[in-house]
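Hi there,

Here is the structure I promised to pass on. Have a look at it first, and then read my notes below.

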Amino acid sequence: MVREAVETHFAEAVGALTPGPAGDPDLPVRPGSGLTGVRCRELFAVQLGSRLLDVAARLMRGRDEGFYTIGSSGHEGNAAVAAALRATDPALLHYRSGAFYLARSAQAGRLAEEGLRDVLLGIAASAEEPIAGGRHKVFGHPRLAVIPQTSTIASHLPRAVGVGFAIERARTLGLPSPWPRDAVVVCGFGDASLNHASALTGLNTAAYGSHRGLQVPVLFVCEDNGLGISVRTPRDWVERARHPALEYFHADGCDLAETYDAATRAARHVRDNRAPAFLHLRTVRLMGHAGSDVEIAYRTRKEIAADLERDPLVRTARLLVEAGLAQPDELLARYETERDHVLKLAMECARRPRLSSAEEVMAPLAPRDPRAVAAGTLRAAPARERDRAFAAPPESEGGLTLAQAVNRALADAMAADPGVLVFGEDVARKGGVYGVTRGLARRFGGERVFDTLLDEQAVLGLALGSGLAGMLPVPEIQYLAYLHNALDQIRGEASTLQFFSRGAYRNPLVVRVASFAYQKGFGGHFHNDNSIAALRDIPGLIIASPARPDDAAAMLRTCLAAARVDGSVCVFLEPIALYHTRDLFEEGDDGWLAPYAPPSRWAETHVPVGRARSYGDGRDLTIVTYGNGLRMSLRAAARLTAEGMGCRVLDLRWLSPLPVDDLMRAADLTGRVLIADETRRSGGVSEGVMAALLDNGFTGPITRVTSRDSFVPLGPAAGAVLLSEAEIEQAARALLTRS
């Protein structure tokens with residue numbers, strides 16, 4: 001069997017070592033270090049296991065029995081980082097953190113074989129793998145406080161800051177937390193990832209929070225091997241690029257003792273001061289980026305050989321041999337014995353069952369328990385607590401606007417659940433740009449309603465960490481266009497967590513977004529965005545789009561309950577132009593106001609996920625719409641009905657999942673469907689509605705009117721590209737007169 005170059009080099013280099021005089025394993029492995037001989041031997045075993053996992057992964061790939069070859073070779077020094085932390089410190093790991101994972105597994109009292117088996121089952125894509133169940137090869141385990149991360153570059157840094165924030169906020173609020181009150185969050189990443197916007201967000205948010213006096217116990221660990229696949233990182237770049245406000249620690253990541261000492265100092269700083277720090281480890285990358293990577297295409301043989309000379313496994317062996325704690329022959333024999341063991345274990349794992357059906361794959365994607373969610377919407381504060389939340393019961397206020405209804409529903413939720421947090425840009429003191437959160441900070445305090453820095457990735461990262469900690473975050477994104485700046489926090493982080501952890505980890509989340517167009521006197525693209533295509537294709541995501549005040553309150557309760565019960569990730573799109581709308585048909589009719597339902601009526605007013613709302617009983621035409629389109633469609637339908645053309649209007653309310661059953665029922669009642677869609681013609685909601693109608697056998701005529709495939713311009717020109725009430729009416733007449 002042909003061996004990897006790292007294996008041959010290890011045998012030659014260790015075989016050439018000269019043993020030192022017999023040493024005491026209870027003493028430091030070398031003078032001045034805190035790493036004892038006993039600990040060094042333990043960590044060598046971990047490093048060896050990690051190296052052999054990479055060897056096994058490549059052999060498995062060659063036999064078509066393994067499906068992941070991004071390895072940890074050259075990064076085995078991160079075992080010392082694990083040793084410097086506690087088994088209860090939450091960890092969000094770099095994908096080259098095999099040694100850290102094995103060390104954490106040992107810290108938790110597991111047998112060495114258990115950690116090895118975890119990783120090998122992941123490489124084999126086995127359904128028995130303990131965290132992702134074969135859906136992806138990740139490092140994660142709920143009993144090890146290791147939160148799984150996919151290969152999305154650096155997107156986990158904002159979440160790591162959120163976890164650190166949440167540990168402290170839970171303590172302040174007296175809420176339970178999955179982690180000890182003095183826990184430290186460790187977040188690993190590579191040097192190339194440091195350049196990513198989400199990495200900069202994570203570092204800056206931690207530094208900003210600490211500067212503002214917040215406690216943010218996060219240890220950032222940059223494992224700098226000088227390469228991002230084939231792109232080189234300048235040798236001095238990491239030190240220059242790390243945030244200047246973060247306490248900086250550094251070490252040769254190939255030197256186990258030096259890494260352990262630096263990691264111990266860094267962890268102590270974070271734990272004692274509850275302040276973030278940056279640990280810079282200089283490592284090497286052995287065996288290329290992955291099994292398919294041919295390094296010689298972009299590196300010289302001299303460079304590759306120089307990295308081999310820094311092999312951390314060899315250097316730890318040298319520490320042990322020169323300290324008189326091991327003999328070269330002993331270590332070489334151990335390597336061979338362990339190699340045989342790991343390869344046999346790999347063969348066993350390759351034979352374990354894999355996922356074989358779509359149902360198996362998707363089982364943890366978006367669990368739904370409608371009955372439990374419906375029960376969850378009934379959660380109301382005790383009368384005394386509710387009285388404190390409101391100067392007068394909202395149900396006694398008469399008709400409310402959409403903005404007022406959302407405000408009252410948020411207050412009700414916060415009064416009933418001390419874990420609900422409301423935050424974002426301008427939401428606290430100002431009460432939101434549109435006044436939707438006005439008064440909440442005064443009633444519930446700055447620990448639960450607070451302003452964030454102006455970075456949507458930071459806002460969502462704080463939310464993801466808070467949800468992991470057991471709270472129920474309700475972050476606000478100030479405008480729909482701003483959400484696109486941070487979409488990967490929803491797509492790559494929030495929506496994948498249950499999927500890649502089989503529900504062991506969840507981030508319940510309700511993201512409120514001021515949405516859509518039609519603002520008067522305040523516009524332009526960033527304040528009048530009408531695109532949600534990037535949201536609608538995210539698996540498992542719930543997208544709510546209430547148009548009327550009574551729906552807004554009920555649907556917000558549903559989203560909050562779905563987040564709590566199912567761990568759902570929800571995006572709650574609030575039409576800006578309808579926030580303060582009062583009238584429907586004519587000025588002063590108050591037709592768009594609605595009373596707020598008291599808790600005693602929440603059961604009967606409950607709006608399940610995926611249920612539409614129908615208006616009218618016409619038998620000639622169904623107008624399918626949502627958001628701003630509802631008001632325009634109702635006005636158009638009223639004129640058509642007055643002329644004897646029977647119309648009904650279906651408000652979808654939920655844009656994902658679409659209310660297909662209600663859609664088909666309404667379509668079949670009239671046999672004709674007009675879709676009035678305020679999003680763009682390409683990639684808009686109407687495409688999904690048409691597909692649903694056709695997929696489910698509707699054979700009647702279908703037409704659609706939409707906004708143009710354009711960004712929304714400033715001022716009156718917006719009317720030229722946005723869906724209009726006149727277009728809806730004109731299209732309806734044309735469809736009704738079609739033979």
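What percentage of the 739 residues in the chain do buried residues make up? They make up 61%, where buried means under 20% relative accessible area, exposed means over 50% and partly exposed lies in between, with a 1.4 Å probe and protein chains only.

Before you go on, a word on the ground rules. This is a predicted model, so local features need pLDDT of at least 70 and side-chain atom pairs count only at pLDDT 80 or more, while totals for chains, interfaces and linings use all residues. Residues are numbered from 1 along each chain as its sequence is written, and side-chain values use heavy atoms, with hydrogens and water left out.

Now the overall picture. You'll find 26 helices and 20 strands in the chain; these are DSSP runs numbered from the N terminus (helices are H or I with at least four residues, strands are E with at least two). The C-alpha atoms fill a box of roughly 100 × 55 × 45 Å along the principal axes. Of the contacts (heavy atoms within 4.5 Å) with a separation of 6 or more, 79% are between residues 24 or more positions apart.

Next, zoom in on helix 1, residues 5-15. Its buried residues are Val6, Glu7, His9, Phe10, Ala13 and Val14. They sit on the same side of helix 1, because they cover an arc of only 165° around the axis (the arc of the directions from the helix axis to the C-beta atoms). Ala5 and Glu12, on the other side, are exposed. What do the buried residues of helix 1 pack against? Their partners are helix 2 (37-62), helix 10 (301-309), helix 11 (312-322) and helix 12 (328-350).

- Serine 656 and proline 657 are joined by a cis peptide bond, with omega about -5°; proline 657 lies in the loop between strand 18 (654-656) and helix 24 (660-670).
- Alanine 145 isn't a glycine, yet its phi is positive, near 55°. This alanine is buried, at 8% relative accessible area.
- Arginine 274 also has a positive phi, about 55°, without being a glycine. You'll find arginine 274 in the loop between helix 9 (256-273) and strand 8 (277-282), buried at 9%.

Cheers!
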